[in-house]
Amino acid sequence: MRLHLLSLLVLPLFAAAHTEEQMVLPGAGKEPFEPVVYSGKPLLADLLTIESTASIFFSYARELEISQIFSDPNARSTVLVPTNKAIIALPRKPHEDSHPLDGGVVLSEAEFDAMSKKNVERWVSAHIIPKSPISLGTDGEYETLLSGKNVTFTVAKGDANKPEWTRALLDDSVRLIGMKEASNGVMYLLDGTVKLD
Ligand SMILES: *[C@@H]1O[C@H](CO)[C@@H](O)[C@H](O)[C@H]1NC(C)=O
């Protein structure tokens with residue numbers, strides 16, 4: 001939470017500094033040096049930080065070490081980001097175990113925390129394809145960061161005038177409802193989630 005708040009505070013500051021820098025360096029032709037103009041796209045970490053419709057996914061992900069790839073400028077990832085609505089609709093939450101314990105088995109708090117973290121890690125990993133960009137114009141299968149877990153994309157009917165990704169179906173059922181490009185990857189917003197067994 002602290003990190004999240006900090007990012008919200010710091011991002012506008014960067015924006016302000018950027019504006020000031022431009023104002024201090026007018027008249028490109030007269031300057032002895034080319035003014036440094038920030039032209040790069042934001043990192044996935046920045047996009048995820050400000051994506052309010054998908055804040056639950058990032059609140060799970062940023063607790064994990066794998067979330068470092070979102071701020072690694074040299075990584076290239078495709079992140080499949082379920083909206084808050086899609087996560088709230090899940091019958092079983094990402095930290096909950098798919099194999100309920102037999103009655104009578106009591107976990108210590110530490111055991112429960114470790115199990116929850118492992119479940120969240122598996123779930124988040126299944127939403128990250130360690131490759132970007134990927135082509136959504138044809139049917140395809142991609143490995144995720146969860147070992148042994150692939151996702152598929154199929155091309156569904158739709159408006160041919162719209163971008164390819166608007167017609168892609170994830171695992172035959174989930175629609176992509178948004179796309180944002182980062183300097184280190186692409187994020188797609190999902191109206192569902194990647195299912196684990
Ligand atoms: C996952 O997809 C890759 C191709 O991208 C394929 O080589 C691999 O066998 C698939 N793995 C599983 C578990 O289906």
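Biologist: Let's start at the ligand: how far is an oxygen atom of the ligand from an N or O atom in the side chain of Asn150?

Modeller: That distance is 2.3 Å. It falls under polar contacts, meaning a pair of N or O atoms within 3.5 Å; within protein, one must be able to donate a hydrogen and the other to accept it, and residues adjacent in sequence count only if both atoms are side-chain atoms. The protein covers 42% of the 360 Å² of accessible area that the ligand has on its own. Accessible areas come from the Shrake-Rupley method with a 1.4 Å probe, and for residues only the protein chains shown count as cover.

Modeller: Before we go on, keep in mind that this is a predicted model, where local features need pLDDT of at least 70 and side-chain atom pairs count only at pLDDT 80 or more, while totals for chains, interfaces and linings use all residues. Residues are numbered from 1 along each chain as its sequence is written, and side-chain values use heavy atoms, with hydrogens and water left out.

Biologist: Which residues are around the ligand, and how do they split by class?

Modeller: A residue is near a molecule or strand if one of its heavy atoms lies within 4 Å of it. Here the residues around the ligand are Glu141, Glu143, Gly148 and Asn150. The shell has two charged residues, two polar ones and no nonpolar ones. For the classes, Ala, Val, Leu, Ile, Met, Phe, Trp, Tyr, Cys and Pro count as nonpolar, Asp, Glu, Lys and Arg as charged, and the others, Gly among them, as polar. Glu141 uses its backbone: an N or O atom there lies 3.3 Å from an oxygen atom of the ligand.

Biologist: Now the fold. How many helices and strands are in the chain?

Modeller: Helices (H or I, at least four residues) and strands (E, at least two) are DSSP runs, numbered from the N terminus. The chain has five helices and seven strands.

Biologist: And what share of the chain is buried?

Modeller: Buried means under 20% relative accessible area, exposed over 50%, and partly exposed in between (1.4 Å probe, protein chains only). Of the 197 residues in the chain, 36% are buried. Ala54, in the loop between α2 and α3, is one of them at 0% relative accessibility. Its C-alpha is 6.4 Å from that of Pro82, although Ala54 and Pro82 are 28 residues apart in sequence.

Biologist: How should I read the charged pairs, and how many salt bridges are there?

Modeller: Side chains of opposite charge can pair when their charged atoms come close. A salt bridge is a side-chain nitrogen of Lys or Arg within 4 Å of a carboxyl oxygen of Asp or Glu. The count here is two. One joins the side chains of Lys41 and Glu181, 3.2 Å from N to O. Lys41 sits in the loop between α1 (2-24) and α2 (44-50) and Glu181 in strand β6 (residues 174-182), so this pair ties together parts 140 residues apart in sequence. Lys41 is partly exposed at 42%, and Glu181 is partly exposed at 43%.

Biologist: What about Lys180 and Glu51?

Modeller: Their side chains meet in a salt bridge at 2.6 Å, N to O. The pair links distant parts of the chain, with Lys180 in strand β6 and Glu51 in the loop between α2 and α3 (55-61), 129 residues apart. Lys180 is partly exposed at 36% relative accessible area, whereas Glu51 is buried at 7%.

Biologist: Where is Arg167, and what does its side chain reach?

Modeller: Arg167 is in the loop between β4 (150-155) and β5 (168-170). Arg167 is buried yet has no salt bridge, and the nearest side chain of opposite charge, Glu164, is 5.6 Å away. For charge, Lys and Arg count as positive and Asp and Glu as negative; His and the chain ends are not counted. The side chain of Arg167 does reach the backbone oxygen of Asp159, at 2.6 Å.

Biologist: Last one, the backbone: which peptide bond is cis, and what is phi of Asp171 and of Asp172?

Modeller: Most residues other than glycine have a negative phi, and most peptide bonds are trans. The bond from Ser132 to Pro133 is cis, with omega near 0°, and Pro133 is in the loop between β2 (128-129) and β3 (140-143). Phi is positive at Asp171, near 45°, and at Asp172, near 65°.
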